[in-house]
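Subject: Structure handover

Dear colleague,

I am passing on the structure that we talked about, and below it you will find my notes on what turned up. Please read them slowly, with the structure open beside you.

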Number of protein chains: 2
Amino acid sequence: MQYLLNINEPKDIKNLSYNELDVLAQEIRQAILNRTSVLGGHIGPNLGMVEAIIALHYVFDSPKDKIVFDVSHQCYAHKILTGRKECFLNNELLRNISGYTNPNESEHDIFAVGHTSTSVSLACGLVKARDIQNQTHNVIAVIGDGSLSGGEALEGLDFAGELNTNLIIVVNDNERSIAENHGGLYKNLKLLRETGGTAECNIFKSFGLDYVYLENGNSIADLTDVFTKVKNCSKPTVVHIHTNKGNGYKFAQENKEKWHFNAPFDIDSGENTVDMSALNYNSLTADYLIEKVKQNKNIAIINAGTPGAVGFTPQKRDLIKDRFIDVGIAEEHAVAMSSAMAKGGCKPVYCVLSSFVQRTYDQLSQDLALNKNPVVILVAWTGLNSQDATHLGCFDIPLISNIPNLVHLAPTSKEEYFAMLDWAIMQDKYPVVIRIPSMLFNAPFAVKTDFDKLNTSVVDIKGSDVALIGVGAFYNLALKVYDMLKSKGINASVINPRFISGIDENTLNSLKTNHKLAVTMEDGILDGGFGQKIAAFYANSDMKVLNYGGKKEFTDRMPINELYQKNRLFPELIVEDILDTLK
Amino acid sequence: MQYLLNINEPKDIKNLSYNELDVLAQEIRQAILNRTSVLGGHIGPNLGMVEAIIALHYVFDSPKDKIVFDVSHQCYAHKILTGRKECFLNNELLRNISGYTNPNESEHDIFAVGHTSTSVSLACGLVKARDIQNQTHNVIAVIGDGSLSGGEALEGLDFAGELNTNLIIVVNDNERSIAENHGGLYKNLKLLRETGGTAECNIFKSFGLDYVYLENGNSIADLTDVFTKVKNCSKPTVVHIHTNKGNGYKFAQENKEKWHFNAPFDIDSGENTVDMSALNYNSLTADYLIEKVKQNKNIAIINAGTPGAVGFTPQKRDLIKDRFIDVGIAEEHAVAMSSAMAKGGCKPVYCVLSSFVQRTYDQLSQDLALNKNPVVILVAWTGLNSQDATHLGCFDIPLISNIPNLVHLAPTSKEEYFAMLDWAIMQDKYPVVIRIPSMLFNAPFAVKTDFDKLNTSVVDIKGSDVALIGVGAFYNLALKVYDMLKSKGINASVINPRFISGIDENTLNSLKTNHKLAVTMEDGILDGGFGQKIAAFYANSDMKVLNYGGKKEFTDRMPINELYQKNRLFPELIVEDILDTLK
C-alpha cells in the first residue's frame with residue numbers, strides 16, 4: 001500500500017499524478033476486496049466505481065460540494081477516501097461502518113439511503129436549499145446500475161430538467177441492474193454508447209438536461225477531465241459514463257449477477273467461504289413456482305429487479321422464459337401491471353422484498369385492492385433482522401394488513417406456506433399477500449387448507465388460562481412458550497391465526513370462557529400490527545392481552561440477540577411476563 | 001338532442017358521418033355541462049376530450065378493445081357513449097354513477113381509478129394477459145393532463161418501450177396539469193408540438209416507443225384518421241394529441257385552473273351556485289404560510305400538482321413567487337426533495353392530500369424519517385368522507401403514524417393547528433406531519449404549546465370513571481359525548497392526545513386510579529390507528545377501552561350520515577355503548 005495509508009481525507013489525493021491515482025485505485029480495490037471477502041457485500045458495484053469516485057473527490061471539494069450516492073451500494077471508495085479506510089483494511093474494524101452512506105459516520109455522507117432511485121430528487125433538494133441561501137457549491141448525484149428506471153428517479157430527472165442552475169448527475173452506465181437491465185430507456189443508453197453520446201434522441205435531453213458522454217468510465221484521467229469541464233456548470237448536466245461492473249476482479253467481471261452482492265469469499269478462488277447449501281424459502285419458492293408455471297401457462301412471475309429475492313437465478317429464470325417478467329427497478333409498475341394481468345385473466349405472482357414493498361403502498365391500495373384483482377404477492381425477507389436501517393423487514397404488517405380487500409396470510413411452516421400458495425394461485429376472488437417467514441420450520445401439526453374461510457384461525461392446542469397466538473415465523477416461539485408453561489403446570493392453548501388482515505372473532509370469543517390472557521407474538525413492529533387488533537378486540541372484556549413484537553424504530557445492524565432481548569422475544573422472558581400477569 | 005338520445009352503446013355511433021359526430025360532440029358537451037353544473041366535477045378535462053373519446057369508440061371496439069383512462073377524470077363522454085347517458089341528462093339519476101371509471105357500472109370500464117399516472121402500467125398488464133392467452137384485441141391507455149410526470153407513469157412508459165406488441169398510448173396534451181405544467185418533459189412536449197412531432201429529441205422515442213403526432217386533437221375527422229392508422233399496430237405506439245382543455249365552454253377555456261374541477265355553477269354565467277365563502281383550512285393555511293414565507297426566506301412551500309389542496313390559488317402563489325415550488329404530479333420526488341432541502345438548511349412545508357400521501361410511503365420512511373430531516377408535512381382532506389372510493393381520507397393515520405421518527409400531530413381546533421404549525425416550522429429536530437382536521441372548530445380551551453414534549457396529551461377536563469380521548473377533528477365529538485354523559489350524571493375526563501405517533505404513558509397510567517373506561521375517537525379507520533395503540537397499552541390492565549373510528553373498507557360515495565351511523569360515530573350511540581359497558 002504505497003498511497004492509501006496516507007489518505008485521510010479527500011484533499012490528500014489532490015496532489016497525486018494520474019499514474020499515482022491509478023495505483024491508488026488498485027489499492028482501494030484491494031481494500032474493497034478485503035472487506036467484502038470477510039463480510040460479504042456489494043462487490044461489483046463498488047469495484048466498477050473506484051475510478052469515478054477518485055475522480056469526483058479529485059475534482060470536487062467534498063463536503064462543501066455535495067455528492068449524493070444512489071442506493072449508495074457503490075460508495076466504498078468514497079468511504080475509503082473520507083477517513084474510513086481502516087474499516088476496509090483492519091479486520092477488527094470492518095463492522096464499525098455500514099455498507100451504505102451514513103451521516104452518522106461522516107460529514108461526507110449526506111443521507112442514509114439503501115433503496116434505489118432517490119439520488120436525483122435528494123440532490124434537487126440540496127440544489128434548492130443552496131440557491132435559496134445564495135450558496136455556490138456543486139451538487140452531484142451519482143445514479144445508475146439499474147436505478148434509473150425507478151419512478152422516483154424519473155420524477156427527479158423530470159424536475160431537474162426545469163432547474164436553471166448547477167446540478168451534476170453522474171449516470172453510471174455499467175449495462176446492468178442486479179440482473180440484466182429492463183426497460184426501453186436502456187435501449188436509449190445503448191444507442192448513446194454506440195454513438196459516443198451524439199444520438200439526437202436522448203432521454204436526458206428530452207427531460208431538458210444538458211448532456212456529456214464519456215466512453216471510458218474507468219479512466220481516471222478521462223473522468224477528471226470531464227468532471228472538471230462540468231464543475232460549476234450553471235445548468236443541470238448529465239455526465240453519462242460507461243463503466244465496467246466488477247472492474248479489476250476477474251470473477252466479478254465474469255459473473256456480474258452473482259457478484260453484484262456476494263457472501264464472504266476467498267479472493268483468490270472466488271469461492272464462497274460460508275456454506276450456502278441450507279434449504280431456504282428462496283430456492284424452494286423458485287422451484288415451486290417453476291413447476292406451477294409449467295402446469296398452467298396463465299401463471300407468470302413478476303419481479304422488479306431483484307430476482308434473487310425468491311431464488312430466481314439466471315438458470316431458473318431460463319426454465320420459464322417469458323413467464324418470468326422482470327420489469328426492472330419499477331415496483332409501482334410491477335404492482336399495477338400485476339393487477340391488470342389478473343383482470344385480463346392471468347395469474348401473476350409478484351415477488352418482492354419486505355423492505356421494497358414500501359415503494360408501492362398506493363398501487364397496493366388503489367390499483368390492486370380497490371379493484372380486487374386476484375394477484376398473488378409474495379413478500380420475502382420479512383421480520384425483525386440485524387440488517388442496515390434501510391433493509392429492515394419489520395414494517396410490512398402495518399403497511400399491508402391495514403389496506404382493505406387484501407387477504408394477508410402468515411404461514412407458520414413450509415407446508416403451510418405451500419398450501420397457502422396453492423390456494424392463492426387457484427382462487428380468483430381476492431388479491432392475496434403471503435408473508436414468507438424469516439425462518440423455515442416444518443409443520444408440527446397437520447395443515448388445514450380451508451383458506452376460503454377468510455380470517456379463521458386454527459386452534460392447534462386446546463388448553464386453558466393462556467392463549468398463545470403466534471403469527472407466521474413466531475408461531476414457533478409460541479410453541480416454545482407453550483412447552484415452558486407446561487413444565488410450570490400451565491396448559492396453554494396455541495393458536496395459528498393464519499390471516500393477518502383480519503381476526504377470527506368466533507375463536508377469540510370462545511377463548512373468553514376459560515382463558516384469562518391472550519399473548520400475541522409477531523415478527524414485526526407492534527404499532528399498527530396484528531397484536532394490536534387482538535388487544536382492541538378484547539379491550540372491552542375481562543381478557544387480558546400481552547403483545548410481543550418489535551418496537552417502532554429504525555434499528556441499524558443491531559445483533560438479533562440484542563434486538564430480541566430488548567423486545568423480550570425470548571421464550572423465557574415471555575413466560576416470565578405471563579406468570580407475572582397471571583399472579 | 002338529435003343524436004345522443006339514440007346512442008346506447010358504442011356501435012350506435014359507427015354509422016354516423018363526421019358532420020353528425022360533430023353535432024353529437026356538442027350534445028355530449030351539453031350533457032356534461034348539465035351534470036357538472038348540478039353536481040360539480042371535472043369540467044375542463046372532460047370537455048377537452050369529447051372528440052377524442054368519440055373517435056376512440058368510433059375506431060375501436062370496446063369492450064373487446066380495452067380503453068384504460070388515466071385518473072379517469074376525463075371519462076364522461078365515454079360513460080355517455082357506453083349506456084350511461086341518462087346519468088348526465090336526467091337530474092334524478094346523476095348520482096347513480098361516479099365521476100371515475102368503475103367496473104361495477106359497465107363492462108367498458110376496466111378499472112376503478114382516481115389517482116394519476118396509472119394507465120400505462122395497467123394497460124401493460126392487459127397487454128401481457130392478452131398475449132399470454134393469444135388474444136388479439138387492442139389495448140389503449142389514455143393519459144395526459146399533468147399525469148405524465150408521475151413516477152408510476154414513467155415506469156410504465158419505460159416498460160412499454162420493451163414490449164414488441166400492440167399497445168396504443170394516447171397522450172392528451174392540453175398544455176396543462178390542474179395548474180400549469182411542471183417538469184422538463186413538458187418542454188419536450190412543447191418542442192414536439194412546435195415541430196409537428198418531427199423533433200428528433202423525443203421523450204417517447206427515447207423510451208423505445210413509436211410515435212405519431214396530431215395537432216388538432218379536437219377534430220373528430222383527424223382523430224379517427226390517426227386512430228385508424230395505429231389500430232392493430234404491432235409495436236407500442238404513442239399518439240400525441242394536442243387538445244384544448246375546457247373545449248367549447250368559454251369560461252372553462254378562459255380560466256383552466258378554476259374549471260379543472262369546479263363546484264356547481266350556472267351554465268350561462270359561469271358563476272358558482274353554492275356559497276363558497278365559508279372559512280376553511282385551505283384558505284387559512286395558504287394565508288398563514290404566505291406570511292411565514294415573507295418573514296423567513298428559508299421557508300418554501302412544496303406541492304405536487306394540487307395547489308388548491310391548501311388554498312394556493314394562482315394569485316396567492318404569485319405572492320411568494322419562487323418560494324412556492326410546484327413539482328408537478330411527482331409526490332415521491334416532493335417528499336425526497338423536501339427532506340434534502342431541510343438537510344440543506346431550509347424549511348420546506350410540503351402540502352398534500354390524504355389520498356395522495358399514499359403514493360409516498362417509502363419516501364416518508366427512508367428519504368425522510370430515517371434521515372430525521374425537519375420537514376413539515378401538511379396532510380389535507382383527511383377523515384371519513386362521502387367521496388369516491390379513490391378519494392377517501394381515512395387511511396393516513398395507519399400509513400404515517402407507524403413510521404418511526406415522524407412526529408404526527410392531530411390538531412383539534414384552528415388555534416391549535418396554527419400553534420402546531422408555528423412549532424413545527426420553528427423547530428429543527430424532527431420531521432413533523434400535521435393532519436389538518438376535516439372540520440374547523442374554534443378552541444374550547446386555551447391551547448397548550450409545549451409540543452417539544454413529544455407524545456404528551458392534555459387533560460382538558462378532569463373527571464372520573466370514563467376518559468374520552470378525542471383525536472383531531474373528533475375531539476369535538478368527545479366534547480359532545482362529555483355533555484351527554486354529564487346530563488346522565490357521569491363526569492367524564494376529556495383528553496386531547498395531540499400526538500398520533502405515540503401515546504402519553506404517564507397520563508394513561510394516571511387515569512387508571514379513578515377511571516374504568518377509556519373511549520377513543522378518531523376520524524379514520526380503526527385498524528392500525530391510534531385507538532388500537534391505547535387498547536394495546538391498557539390490554540394488560542383492568543381499564544376497559546372502546547375504540548371509535550371507521551371500519552377498514554373502501555366506501556364509495558357513502559353519505560356521511562350513513563357512514564357515521566354504521567360506525568356508531570354519533571354521540572348518542574357512543575353514550576349508549578358507554579353506559580352499556582359501565583353496567
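Throughout these notes, helices (H or I, at least four residues) and strands (E, at least two) are DSSP runs, numbered from the N terminus. Please keep in mind that this is a predicted model, in which local features need pLDDT of at least 70 and side-chain atom pairs count only at pLDDT 80 or more, while totals for chains, interfaces and linings use all residues. Residues are numbered from 1 along each chain as its sequence is written, chains are lettered from A and ligands numbered from 1 in the order in which they are written, and side-chain values use heavy atoms, with hydrogens and water left out.

I begin with the chain as a whole. Chain A holds 23 helices and 16 strands. Its radius of gyration (taken over C-alpha atoms) is 26 Å, close to the 25 Å that the globule rule gives for 583 residues, so chain A is as compact as a globular protein of that length; the rule itself is 2.2 Å times the number of residues to the power 0.38. Along its principal axes, the C-alpha trace of chain A spans about 80 × 55 × 50 Å. Of the 583 residues in chain A, 69% are buried, where buried means under 20% relative accessible area, exposed means over 50%, and partly exposed lies in between (1.4 Å probe, protein chains only).

Next comes the relation between the two chains. Chain A can be laid on chain B with an RMSD of 0.0 Å by a turn of 180° and a shift of 0.0 Å along the axis, the superposition being by least squares on the C-alpha atoms of residues with pLDDT of at least 70 in both. The two copies are thus related as by a two-fold rotation axis. They also meet through the same surface, because 100% of the interface residues of chain A are interface residues in chain B as well.

A:Gln133, which sits in the loop between α6 (119-132) and β2 (139-144) of chain A, touches B:Asn298, B:Gly344, B:Gly345 and B:Cys346, not counting residues up to four places away in sequence; a contact here means heavy atoms within 4.5 Å. With a relative accessibility of 23%, A:Gln133 counts as partly exposed. A:Asn134 lies in that loop between α6 and β2 too, but at 68% relative accessibility it counts as exposed.

Some backbone angles deserve a careful look. Most residues other than glycine have a negative phi, and most peptide bonds are trans. Phi of A:Asn134, however, is positive, near 55°, and phi of A:Asn405 is likewise positive, near 75°. A:Asn405 belongs to the loop between α17 (396-401) and β10 (407-409) of chain A, and is partly exposed at 28% relative accessibility. The peptide bond from A:Ser62 to A:Pro63 is cis, with omega near 5°, and a cis bond also joins B:Ser62 and B:Pro63, with omega about 10°.

A:Ser72, in the loop between β1 (66-69) and α4 (76-84) of chain A, has a relative accessible area of 0% and is buried. In chain B, helix α16 (residues 361-370) is mostly covered, with ten of its ten residues buried.

With best wishes
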